[in-house]
Amino acid sequence: MAEKKIKILIVDDIPEARERLQKLLAFEPDFEVVGMASGGREGIRLAIELQPDIVLMDINMPDIDGITAATELRRNVPTVGVIMMSVQGEAEYIRRALQAGARDFLTKPPPTEELYATVRRVAEDMRSLSILVSSEDKKEKKKLEVEADHVSHVIAVYSPQGGAGKTTIATNLAAALKREGVRVLLVDCDLQFGDVGVFLNLKPQATIVELIRSVDDLDLDLVNGVLVTHDSGLRVLAAPVRPEDAEYVPTAKVPLLIEKLRSQFDFIVLDMNTRIDEMALALFDMASRILLVLNPTLPALKNGLAAITLLDSLEYPQEKTQLVLNRVTPELERSKVAIAVSVFEQKLRRKAFAIIPMDEKRVLYAVNRGISVIAKDRNQSPARDLITMADALIQDLAPKQEAPASSQQLQTPDKPPASRLGRLFGSR
Ligand SMILES: Nc1ncnc2c1ncn2[C@@H]1O[C@H](COP(=O)(O)OP(=O)(O)O)[C@@H](O)[C@H]1O
Ligand SMILES: [Mg+2]
C-alpha cells in the first residue's frame, strides 16, 4: 500500500530560499510541496486552505514574522507540524520558536539530509497526533468537566537517590491502586530519562509534550488520545521520547496540567526525578502523600535526612510525607551490613510506611519483561508488600467518618465510579 505523501508548505520571503527548498524536496518521492508563501500572513491563509502536514517557516519576514505566524497556526490548524528556520541558530531563537508551537528548528540553509529527516520525523509525530485532534471536533470540544464532589489524590513518589526504586514503586503502586471503578493515572515526571513506558512495555504515540502545549485549552478527546492505557486499565502519561524533547515541556506548566487532569482521576501517581525544583515543589504542594523512597545505605540516609528536612520545612502535615524503604534485606541488616530500618525511622522521625524487600530475581524479571511486579505471584514478597502499601494508602486517604474501605467495597461494580469514590474519598 502506497504511503500518503507528506504535504509541505514553504513560507519564506526570499524567492531563492523558497526555490532551493522546493528543489531539494522534489527529489524525495514521499514529499509533495503543495504551496509556497512569501510572508507570514499568506502562509497562514495557505495553511488553512491547503491543510499541509508540514510548514517550513522562516522566522524573519517583513509582514508578520514566523513566530507570530506559528502561534496563529497552532490556533487555527493544530494538526500542522511547523518547522521553524532561521539563519540565527541561537538558543533564544530556538526557545521562542518552540514556545510558539514549532515542532522543530533548522538553521538556514538546512543540510539536505537533516532537512529530509526532520520533515519525516515531524510528519510522523503529527500523523499520530492528527488522529487525536481533527479540525472537526475542534468546534465541539468536550471540556474536562469537574464534578462538584470529586476528590482526587495525587501521590508523589520521590527519592533524592537515582536508582532507589522510584519507578519500580510508582508503576507497581499505580497498578495496585487500579481496581474496578477506580481511575488511576501514572505520570512520568522524569522529563529527560523517564522510563515508565519501558517498565510497563507501552509504546506511547504521544507524550506529555502534546498535552502541555494545549494545557490552557485541554479537551477530553485530546487527553484520552494522549494517555496510554495499560492492560490493567491504568492510564499513563508518558515522558518525552528523547531527552532533548524535555525542552518542549515548560516545567512551570506541569503542575497546572496535573491539576486539570485531576477531574478525570481518583489517583494520580507521579514518578518524580531526583531534583527538587519549582516544578517538584508545586507537585509536592498538591500531593496528598509524598512517598520518600530510600535504600538502606549511608548515602541514602544522609540524602533522605536532607530531603525530609526540606519537606518538613514546608510545614506539610506530618502524615503527608511517608518513608518507603526499598531493597531491604533482613539478613544484611542483622549482620549490620545494611543500615537498619529502625535507624531510618529514628533519624527521619517517622515510622516506615512500607518496607519493600530486595528481590533481584522477581523485580529484574518484571522490569526486563515490561510487566509490573504485582502482575505475578501476588501473594509473594515483594508483590505482596507493594499491594499492601497500595491498600494502606487507600485506607489512609478514605474519609475517616466512613466505614473502613474494604477491597470488597471498592470492587462492587454496581455504582458509577465517580459517586462511589466520592464517598470513599470525600475529604482530603
Ligand atoms: N526491591 C527491589 N529489589 C530488587 N531490585 C530492585 C528493587 N527495586 C528496584 N530494583 C531495581 O533497581 C533498579 C532501579 O530501579 P528504578 O525503579 O528504575 O529506580 P529509580 O526510578 O529511582 O531510578 C531497577 O533495575 C530495578 O529492577
Ligand atoms: Mg526512574
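**Chat notes: a loop, a sheet and some helices**

Biologist: Where is D63 placed?

Modeller: D63 sits in the loop between β3 (54-58) and α3 (66-76). Helices (H or I, at least four residues) and strands (E, at least two) are DSSP runs, numbered from the N terminus.

Biologist: What kind of model is this, and how are things numbered?

Modeller: This is a predicted model: local features need pLDDT of at least 70, side-chain atom pairs count only at pLDDT 80 or more, and totals for chains, interfaces and linings use all residues. Residues are numbered from 1 along each chain as its sequence is written, while chains are lettered from A and ligands numbered from 1 in the order in which they are written.

Biologist: Back to D63. How many C-beta neighbours does D63 have inside 10 Å?

Modeller: There are 13, so D63 counts as partly exposed. The cut-offs: buried means 20 or more other C-beta atoms within 10 Å of the residue's own, exposed means 12 or fewer, and partly exposed is in between, with C-beta atoms placed from the backbone.

Biologist: Which residues does D63 touch, leaving out those up to four places away in sequence?

Modeller: G39, G40 and R41. Contact means C-beta atoms, placed from the backbone, within 7 Å. E42 is 21 residues from D63 in sequence, and their C-alpha atoms are 9.4 Å apart.

Biologist: At what angle do α2 and α3 pack?

Modeller: Helix α2 (residues 40-50) and α3 make an angle of about 20°, with axes 9 Å apart. Axes are lines fitted to C-alpha atoms, for helices over the stretch in contact, and angles run from 0 to 180 degrees between N-to-C directions. So α2 and α3 are roughly parallel to each other. The classes are: under 35 degrees roughly parallel, over 145 roughly antiparallel, 65 to 115 roughly perpendicular, and the rest oblique.

Biologist: Left-handed or right-handed crossing for α2 and α3?

Modeller: Right-handed. In a right-handed crossing the near helix is turned clockwise from the far one by less than a right angle; anticlockwise is left-handed. G40, G43, I44, A47 and I48 in α2 meet residues of α3, including G66, T68 and A69.

Biologist: New topic. What is the strand order in the open sheet of eight strands?

Modeller: The order is β8-β9-β7-β10-β6-β11-β12-β13, with mixed pairing. Strands pair if DSSP finds at least two bridges between them. The edge strands are β8 (228-229) and β13 (352-357), each pairing on one side only.

Biologist: Which strands does β11 pair with in the parallel sense?

Modeller: β6 (residues 153-158) is joined to β11 over four bridges.

Biologist: How many residues of β11 are buried?

Modeller: Six of six, over residues 289-294. R289, L291 and V293 are buried on one side, and I290, L292 and L294 on the other. In a regular strand, side chains alternate between the two faces of the sheet.

Biologist: What unit do β11, α12 and β12 make?

Modeller: A right-handed β-α-β unit, with α12 spanning residues 298-313. Right-handed here means that, with the strands pointing away from the viewer, the path from the first strand over the helix to the second runs clockwise.

Biologist: And α16, which strands does α16 lie across?

Modeller: β6, β11 and β13, running at about 165° to β13. Helix α6 (residues 166-177) also meets α16 (residues 383-397): their axes come within 9 Å and cross at roughly 60°. α6 and α16 are therefore oblique to each other, and their crossing is right-handed. Among the α6 residues that meet α16 are N172 and L173.

Biologist: Where are the cis peptide bonds you'd flag?

Modeller: One joins K108 and P109, with omega about -10°. P109 is in the loop between β5 (104-107) and α5 (112-132). Another joins S381 and P382, with omega about 0°. P382 lies in the loop between α15 (360-369) and α16.

Biologist: What about phi of Q51 and N201?

Modeller: Both are positive: near 45° for Q51 and near 55° for N201. Most residues other than glycine have a negative phi. Q51 is in the loop between α2 and β3, whereas N201 is in the loop between α7 (196-199) and α8 (208-212). Q51 is partly exposed, with 15 other C-beta atoms within 10 Å. N201 has 12 and is exposed.

Conventions:
Two residues are in contact if their C-beta atoms, placed from the backbone, lie within 7 Å.
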